[in-house]
Amino acid sequence: EQYGFKVEFLLADRENNQIVWAVSHPGDFEAAFETFAASPERAAAFEGQPKRVEEMTVSMVDPFIAPGS
């Protein structure tokens, strides 16, 4: 939230050992993501933790079904 993101959903795909989640941002998503990715808060959250993420894919998507449909 500090960087303007809102988590829309978070799903665990246990069969494929993946986490799938969607976030939204009311402004320039790419710029906000770059700022967040380089932030000391993000670095501190992972400091001293074993590597748990082998691969990350960031994709921009559009709604397929309108909210409330």
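Strands are DSSP runs of E with at least two residues, numbered from the N terminus. Keep that in mind for the exercises below, and remember that this is a predicted model.

**Exercise 1.** Find the place of valine 7, and decide whether valine 7 is buried, partly exposed or exposed.

*Solution.* Start with the element: valine 7 sits in strand S1. Next, take the relative accessibility of valine 7, which is 48%. Buried means under 20% and exposed means over 50%, so valine 7 counts as partly exposed at 48%.

**Exercise 2.** Which residues make the nonpolar surface patch, and which elements give two or more residues to it?

*Solution.* The patch is made by Val7, Leu10, Ile19 and Trp21, and covers about 460 Å². The elements that contribute two or more residues are S1 and strand S2 (18-24).

**Exercise 3.** Describe the aromatic pairs that phenylalanine 36 forms with tyrosine 3 and with phenylalanine 5.

*Solution.* A pair of aromatic rings is described by the distance of the centres and the angle of the planes.

- Step one: the structure holds 5 aromatic pairs. In one of them, tyrosine 3 and phenylalanine 36 are 5.8 Å apart centre to centre, with 65° between the planes, which is edge-to-face. Tyrosine 3 lies in the segment before strand S1 (6-13) and phenylalanine 36 in helix H1 (residues 29-37), 33 residues apart.
- Step two: phenylalanine 5 and phenylalanine 36 are also edge-to-face, at 6.2 Å centre to centre and 65° between the planes. Phenylalanine 5 is in the segment before S1 and phenylalanine 36 in helix H1, so this pair ties together parts 31 residues apart in sequence.
- Step three: phenylalanine 5 is buried at 14% relative accessible area, whereas phenylalanine 36 is partly exposed at 28%.

Key: Residues numbered from 1 in each chain as written. Predicted model: local features only at pLDDT ≥ 70, side-chain atom pairs only at ≥ 80, totals over all residues. Heavy atoms only, no water. Phe/Tyr/Trp six-rings, centres within 6.5 Å; stacked < 30°, edge-to-face > 60°. Helix = DSSP H or I, 4+ residues; strand = E, 2+ residues; numbered from the N terminus. Buried < 20%, exposed > 50% of the residue type's maximum accessible area, 1.4 Å probe, protein only. Patch = residues over 30% accessible without salt bridge, like charges linked within 9 Å, V, L, I, M, F, W, Y side chains within 5 Å. Areas by Shrake-Rupley, 256 points an atom, 1.4 Å probe, with all protein chains shown as cover. Salt bridge = Lys/Arg side-chain N within 4 Å of Asp/Glu carboxyl O.
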